[in-house]
Amino acid sequence: MRTPLLASFALAAALTGSAAPAGAQTTSGSEEFDVARGLYADGDFAAAVPHIVAAIQAEPENPRYYLGLARAYYQLHEHDLAVYYYDLYLNELRDLIPGDVRASDRVDRVRDERAGANGLRENSSTSPSGPAAALEARRALLDRIETGPIVGATGGGALSMYEAMLRTGYAHPDLVELRSRLADALLREANATVSDDATALPVLSARQWETQQRRLQQWLALRGDAASGVGDIPQGALDPAAAARLDPATRVRAHLRLCEGQLQYLNQSYRAAAATFAEATTLFPDLVPAYVARMNALVGQGSTLASADEALRSLDQVLSARVPGARGLTDVYRALLVAQAGDYAGASAVLSRALSQPPHP
């Protein structure tokens, strides 16, 4: 490859760093493409490339951007890459080309451009396969999505691989599919860490809770933001009862509040944690661990039985609806609150009554 290609990909890496969440864009595809068009008009084709790549990463199924990338590479004498992106425009994205496209972007005219670029290739009889490093990165990403981890507590994982792939200038329509698969894997990994019906929070360090936060935040960045539409999320990735009641993004935001509250709890900010857990239950009324975590925080802050009455009743109601066999947990917390006030005999009586009751079906 010629030097301009290497320079343009180095600039792409600088412009698409991982400070923002994966899938998040600080500028729109059209804004990036407008910048690229200005640079192209000035003859600065190498500088235009990373902006076109950023436009594609923002809108992976916009044919216009691939045609722009093909033309930029043609001007850089990178004819293999030019033909590769011409082919994406003419074949994979042809059905998405607007009917009112300008004359120079019509399929017949672009075919002529493609033929001219192909005639300048060393191996004009073969179809270019695209950047080898990008294809290898894609294969490695798909393997990691299958095997995990998606987000590792000590770094690495499929999400980091995806972010690195973007930084090195990956530009292909299959970004839509890759983001969907990565989002589904993030949600599965998050659900395996804390399920909706958990009656006890997992014993995790603050760093592990922050990792769980990142899984959920990145899911929102990739798939769950309200502006992006969440109706196409596979329902099998969600708790069935919850999926019937609210959209996936709301559920994920509730789990994020659970993470935030647990970090406050670990920092012994019990009052703030109790309020945050209550917000989580308001967002997602079926989130059992948020009710349990709220009780932990109330016990931690030294609440009385009277002041925790509403929280106890809420816990009992959600357990009755979601995990009826665990309703005795309410009595355990009631006993803790009674004992905390110094009434150990009363706490013993509460537990005795709970143990003497027949189990719930």
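**Reading helix packing**

Reply: Helix α2 (residues 29-41) packs with helix α4 (residues 63-75) at an angle of about 25°, and their axes are 11 Å apart. Keep in mind that this is a predicted model.

Me: What describes two packed helices in general?

Reply: Two packed helices are described by the angle between their axes and by the distance between those axes. Angles under 35 degrees count as roughly parallel. At about 25° between them, α2 is therefore roughly parallel to α4.

Me: In which hand does α2 pass α4, left or right?

Reply: The crossing of α2 past α4 is left-handed.

Me: Which residues of α2 and α4 meet?

Reply: From α2 come Gly 29, Ser 30, Phe 33, Arg 37 and Tyr 40; from α4 come Arg 64, Tyr 65, Gly 68, Arg 71, Ala 72 and Gln 75. These residues divide into 4 nonpolar, 4 polar and 3 charged.

Me: How many aromatic pairs does a search of the whole structure find?

Reply: The search finds 5 aromatic pairs. One of them is formed by Phe 33 and Tyr 65, with 4.9 Å from centre to centre and 40° between the planes, and this pair is tilted. Phe 33 belongs to helix α2 and Tyr 65 to helix α4, so the pair links distant parts of the chain, 32 residues apart.

Me: What is the angle between α4 and helix α6?

Reply: The axes of α4 and helix α6 (residues 107-119) cross at roughly 35° and come within 11 Å. The contact is made by Leu 67, Arg 71 and Tyr 74 of α4 with Val 110, Glu 113, Gly 116 and Ala 117 of α6. Sorted by type, the residues of this contact are 4 nonpolar, 1 polar and 2 charged. The crossing of α4 past α6 is left-handed.

Me: How do helix α15 and helix α16 run, parallel or antiparallel?

Reply: Look at the angle first. Helix α15 (residues 309-322) and helix α16 (residues 328-340) have axes that cross at roughly 165° and come within 9 Å. An angle over 145 degrees counts as roughly antiparallel, and α15 and α16 are therefore roughly antiparallel to each other. α15 passes α16 in a right-handed crossing.

Me: Which residues of α15 and α16 meet?

Reply: Leu 312, Leu 315, Asp 316 and Leu 319 in α15 meet Leu 329, Thr 330, Tyr 333, Arg 334 and Leu 337 in α16. The contact of α15 with α16 has 6 nonpolar residues, 1 polar and 2 charged.

Me: What should I look for in the loops?

Reply: Check the backbone angles. In the loop between α4 and α5 (79-92) lies His 77, which has a positive phi of about 65° although it is not a glycine. In the loop between α7 (132-147) and α8 (158-167) lies Pro 149. The peptide bond from Gly 148 to Pro 149 is cis, with omega near -5°.

Me: What is the mean pLDDT of the protein chain?

Reply: The mean is 86, and 84% of the residues reach 70 or more. Among the elements, α4 has the highest mean pLDDT (98) and helix α1 (residues 3-15) the lowest (35). Over residues 1-19 the pLDDT stays under 50, and the model has 33 contacts beyond four places in sequence for them. Residues 225-238 also have pLDDT below 50, with 22 contacts in the model beyond near neighbours in sequence.

Methods
Residues are numbered from 1 along each chain as its sequence is written. This is a predicted model: local features need pLDDT of at least 70, side-chain atom pairs count only at pLDDT 80 or more; totals for chains, interfaces and linings use all residues. Side-chain values use heavy atoms; hydrogens and water are left out. Axes are lines fitted to C-alpha atoms, for helices over the stretch in contact, and angles run from 0 to 180 degrees between N-to-C directions. Helices (H or I, at least four residues) and strands (E, at least two) are DSSP runs, numbered from the N terminus. Angles under 35 degrees count as roughly parallel, over 145 as roughly antiparallel, 65 to 115 as roughly perpendicular and the rest as oblique. A crossing is left-handed if the near helix is turned anticlockwise from the far one by less than a right angle, and right-handed if clockwise. Contact means heavy atoms within 4.5 Å. Ala, Val, Leu, Ile, Met, Phe, Trp, Tyr, Cys and Pro count as nonpolar, Asp, Glu, Lys and Arg as charged, and the others, Gly among them, as polar. pLDDT is the predictor's confidence in each residue, from 0 to 100. Rings of Phe, Tyr and Trp (its six-membered ring) pair if their centres lie within 6.5 Å; planes under 30 degrees apart count as stacked, over 60 as edge-to-face and the rest as tilted.
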